[in-house]
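Colleague: I am new to this one and would like to learn how to read its features. Please take me through a few of them.

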Amino acid sequence: MKDNKNSANFSQNIDIPQWDLTDFYDGIDDKKLDQDFIEISKASDEFATEYNKKIAKLSANPLFEAIKKYEEISEKIGKIASFSYLIYASDTSNAKNLAFFQNSSEKLSEIQSKLLFFTLEINEIDENDLKSLLENENLSYFKPFIRDVRAFRKYQLSEELEKFNLEKSITGRNAFIRLFDETSNNLKFEYRDQTLSCQEIFNLMSSSDEDERKDAAKAIGKTLGDNSKLFAYITNILAKDKAINDSWRGFTKPISSRNLDNFIEDEIVDLLVKKVKQNYQNISHRYYEKKAQILGKKSLNYWDRNAPLSNEENSKISWPQAKDLVLSAYSEFSPQMAEIGKIFFDKNWIDAKVVKGKDNGAFSHPCVPSVHPYILMNYQGKVRDVMTLAHELGHGVHQYLSASQGYLMASTPLTLSETASVFGEQLTFQKILKNEEDSEKKKLIIANKVEDMINTVVRQIAFLEFERKIHDERKKGEIPLNKICEFWMEIQKESLGPIFQYDEEYKYFWSYIPHFIHSPFYVYSYAFGDCLVNSLYGIYKSGKIDNFETKYIDMLKLGGTKHHKEMLQPFNLSIKDEAFWQSGLDVISGYIDKI
């Protein structure tokens, strides 16, 4: 298990894969790409000529055929969009990749604007007429798609404004997101006598050597501080952009548009947030007090938050070992899940090597049903990296299974999509715990899991509260940098507890978190998924639900065809119940009791 190589060298391990994107195209110069752009543009023109201003008058079967054509064109658009994004994410420092991504985005935006009328006109169909139309067997297949389109009915703008909003986003919101990505992914951190990348420097924040952690933290704070004015500007621009968009559409709260995207009621999200905040003291505050005791400290510095509890945590886990561990954990629950997961490794659908300019996060991109998902992460051999692999592979298996629903209905709301990923983590954690016989080492494994859960639940809800402060404050005018930093410090102290000490530079640490920029209010999905998985896993272990594995796989196959109430019904779970959320949080508290 042990590897004495340092993290920078370990990341170059030849076993660690980089993905093969040839299932899309042979490369960015592939002539098939130009041909596909031409074909998609032509098909979009023909579709608009055939259906524009006519959708509300169609009978059931012609409407069914129209949706099929729309899905086919949309999937081809999604294929190019996915390919260009994956090329971009794999190296944001490559000028040719950047130009390809931008040019592709602009061309696809022009094509999408031709199709924009379609969903707007679906929303013009009279409710009683639609009810009658959906009695048709063919059209009823697309009932979930129509249901979800109609959910946005009251918030849509005129076709002219929607087209303007779409086309302008290339030089507006999307441009600032790209600026953030290219800036953050290419930051340089001066650490001792080295210049490190984002992935390398943050990896040192979990070093067993406190001096290394401190020096890394100071280096991070220095670089983030040097770039903080730019990040504050981007944050202000995007918060204002969202406020304008929400105002025109009629959303009363900044979070409401995200909740609608997730097809979840504002009240349920408010309940989740309330319960997590009520448990700050019993979970995060209590755990970090225990961690201080374990480390022999009276207080913790902010760079101690991810400090390992023993030197054994620095043992490097090779990529083949990580692969075997995760697939074995999946297999003990469901051989089918393990078989699907194995495909990702066998066919190079995973990019895990640390490379300069690469996106510094982790994701599983669903791409399109006609291709398959791809996973990006930065594997550096730590237990946390193994859990990240388990997490993203959970997404990948889910996306693979739901692809059978077709392009328009395969996508799952974020809240439920995080369920599959967190469940994958839980399976892997239980496997690691089962393999360990030493009782003291078991406690350390449990402690690591508690830290992961705190990061998934408490920290993400704290992020959400930070976002709320930002978006509420932005309504009053541009937020000064020092005010943003002040919000960050207030939230961190409240959520992590009084055991922590913070140096001046920590106030800039909000600026590296991409979710604030890419997907406002996305973060509660992690807390939602963790609490839900705790309940699901408890039911699984209790044996109260017959054929749990089959029902779980069937749930993943549903994609976006059903909402949370219907999907969780086979497991007798109701997220409207306050006790449901508390039971999920009690699992974390129970683990702390075992340490």
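Modeller: Start with contact, which means heavy atoms within 4.5 Å. Not counting residues up to four places away in sequence, Glu465 touches Val273, Lys277 and Ile491. This is a predicted model, where local features need pLDDT of at least 70 and side-chain atom pairs count only at pLDDT 80 or more, while totals for chains, interfaces and linings use all residues. Residues are numbered from 1 along each chain as its sequence is written, and side-chain values use heavy atoms, with hydrogens and water left out.

Colleague: Where is Glu465 found? Does Glu465 count as buried or exposed?

Modeller: Helices are DSSP runs of H or I with at least four residues, numbered from the N terminus. Glu465 is found in helix H22 (residues 458-474). Buried means under 20% relative accessible area, exposed over 50%, and partly exposed in between, with a 1.4 Å probe and protein chains only. Glu465 counts as buried because its relative accessibility is 12%.

Colleague: What does the side chain of Gln492 make a polar contact with?

Modeller: A polar contact is a pair of N or O atoms within 3.5 Å; within protein, one must be able to donate a hydrogen and the other to accept it, and residues adjacent in sequence count only if both atoms are side-chain atoms. The side chain of Gln492 has such a contact with the side chain of Arg459, at 3.1 Å. Gln492 is in helix H23 (residues 481-496) and is buried, because its relative accessibility is 1%. Leaving out residues up to four places away in sequence, Gln492 touches Arg459, Phe463, Gly497, Tyr502 and Tyr506.

Colleague: Which residues touch the most other members of the largest nonpolar core?

Modeller: A nonpolar core is a set of buried Ala, Val, Leu, Ile, Met, Phe, Trp, Tyr and Cys residues joined through side-chain atoms within 4.5 Å. The largest one has 183 residues, and Phe118, Phe145 and Tyr552 touch the most other members. Helix H3 (residues 60-90) gives the largest share of this core, 13 residues. Phe145 touches residues including Ile67, Tyr70 and Phe118.

Colleague: How should I read phi?

Modeller: Most residues other than glycine have a negative phi. Phe263, not a glycine, has a positive phi of about 50 degrees. Phe263 is in the loop between helix H14 (256-261) and helix H15 (266-278), and counts as buried because its relative accessible area is 17%. Asn547 also has a positive phi, of about 55 degrees. Asn547 is in the loop between helix H25 (524-542) and helix H26 (548-557), and counts as exposed because its relative accessibility is 57%.

Technical notes
Helices (H or I, at least four residues) and strands (E, at least two) are DSSP runs, numbered from the N terminus.
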